[in-house]
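Visitor: I have a structure open and would like to go through parts of it. Can we take it piece by piece?

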Amino acid sequence: MSAIFFDIDGTIFDGKEIHQEVIQAIQATQAKGHYCFIASGRPRSFISDVVLKIGFDGYILANGATILFEEKTLSNMYLPQEPVKQLLDYCDDQKIEYILLTENAGYLRNNCKYLRHFYPMAHVDTSDFITDFNNKDILEHLVKIEVHPETEEQYNMFKKILGEEFFIMLPAGSGVAEVSRRDVDKGTAIRNVLQYLNLSLSDSYAFGDGANDIGMFEAVGHPIAMANASDDVKRQAEYICESVYDNGVAKELKRLFL
């Protein structure tokens, strides 16, 4: 029995769809008795129904802040409240857009025009986002925040306010900074899952393509990079499979397990 962890974007999702060959290979691997997990930077509210309908055994979400297994929450690592409150007060004062993310919901006000345009392009359904809320009511339940800085000065102020407890990632071209706890990542969450399932390192696999997958690769016995992955990710991999556009995950699962 093994545990296999899959990133979403650029790994099983090619920007347009998850191919049926990939879905069938994942489900066939589960039928052989192996556990299949999503391990994503996305929080629960950003996971599409297409992914959910595949029927994964568990989910590592918000870059490891939330761990779910068989519909049970194993852990939630919430953001420290006081620095977050200072950040949000600064954003409100400067009219900087942000979304607040709890284990199950996204909170985004209607006047956040940039973010409301951005998320559909990132294949996130905004229809269930909560628009009328008070920050103080959800402050203690946040697993992640995403913010839209318009200047480098604002971005630098984020780092000054939050300090060393937080990790801030601003993917090139997105205009959206992801704020999470520095002591939370996919790798730490995977180690917790393996311990919970009583599985050895040699029985763990991970598929990924991006920088936030490197921690995941360091936590498993068999890290597998997509051919479309960055060079830094490929250097951390034991094996490089075919690209997401060529259904590389499906082909590698068949080679390993089917």
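Visitor: Is the crossing of helix 1 and helix 10 left-handed or right-handed?

Guide: The crossing of helix 1 and helix 10 is left-handed. Left-handed means that the near helix is turned anticlockwise from the far one by less than a right angle, and right-handed means clockwise. Helices here are DSSP runs (H or I, at least four residues), strands are runs of E of at least two, and both are numbered from the N terminus.

Visitor: Before we go on, what kind of model is this?

Guide: This is a predicted model, in which local features need pLDDT of at least 70 and side-chain atom pairs count only at pLDDT 80 or more, while totals for chains, interfaces and linings use all residues. Residues are numbered from 1 along each chain as its sequence is written, and side-chain values use heavy atoms, with hydrogens and water left out.

Visitor: Back to that pair. At what angle do the axes of helix 1 and helix 10 cross?

Guide: They cross at roughly 25°, and the axes come within 8 Å. Axes are lines fitted to C-alpha atoms, for helices over the stretch in contact, with angles from 0 to 180 degrees between N-to-C directions. Helix 1 is therefore roughly parallel to helix 10. Angles under 35 degrees count as roughly parallel, over 145 as roughly antiparallel, 65 to 115 as roughly perpendicular and the rest as oblique.

Visitor: Which residues meet there?

Guide: Helix 1 brings Glu21, Val22, Ala25, Ile26 and Thr29, and helix 10 brings Val249, Ala250, Lys251, Leu253, Lys254 and Phe257. By class, seven residues of this contact of helix 1 with helix 10 are nonpolar, one is polar and three are charged. Nonpolar covers Ala, Val, Leu, Ile, Met, Phe, Trp, Tyr, Cys and Pro; charged covers Asp, Glu, Lys and Arg; the others, Gly among them, are polar.

Visitor: And helix 3 with helix 6: how do their axes cross?

Guide: The axes of helix 3 (residues 81-94) and helix 6 (residues 152-162) cross at roughly 155° and come within 9 Å. Helix 3 is therefore roughly antiparallel to helix 6. The crossing is right-handed. Among the residues in the contact are Leu87 and Tyr90 of helix 3 and Met157 and Phe158 of helix 6. The contact of helix 3 with helix 6 has nine nonpolar, three polar and no charged residues.

Visitor: New topic. Is Asp7 buried or exposed?

Guide: Asp7 counts as buried because its relative accessibility is 6%. Buried means under 20% relative accessible area, exposed over 50%, and partly exposed in between (1.4 Å probe, protein chains only). Asp7 lies in the loop between strand 1 (3-6) and helix 1 (20-31).

Visitor: What does the Asp7 side chain make a polar contact with?

Guide: The side chain of Lys186, at 3.3 Å. A polar contact is a pair of N or O atoms within 3.5 Å; within protein, one must be able to donate a hydrogen and the other to accept it, and residues adjacent in sequence count only if both atoms are side-chain atoms. Leaving aside neighbours within four places in sequence, Asp7 is in contact (heavy atoms within 4.5 Å) with residues including Ile12, Phe207 and Asp213.

Visitor: Where is Glu70, and what is its phi?

Guide: Glu70 is in the loop between strand 4 (66-69) and strand 5 (72-76). Its phi is positive, about 50°, although Glu70 is not a glycine. Most residues other than glycine have a negative phi. Glu70 counts as exposed, at 51% relative accessibility.
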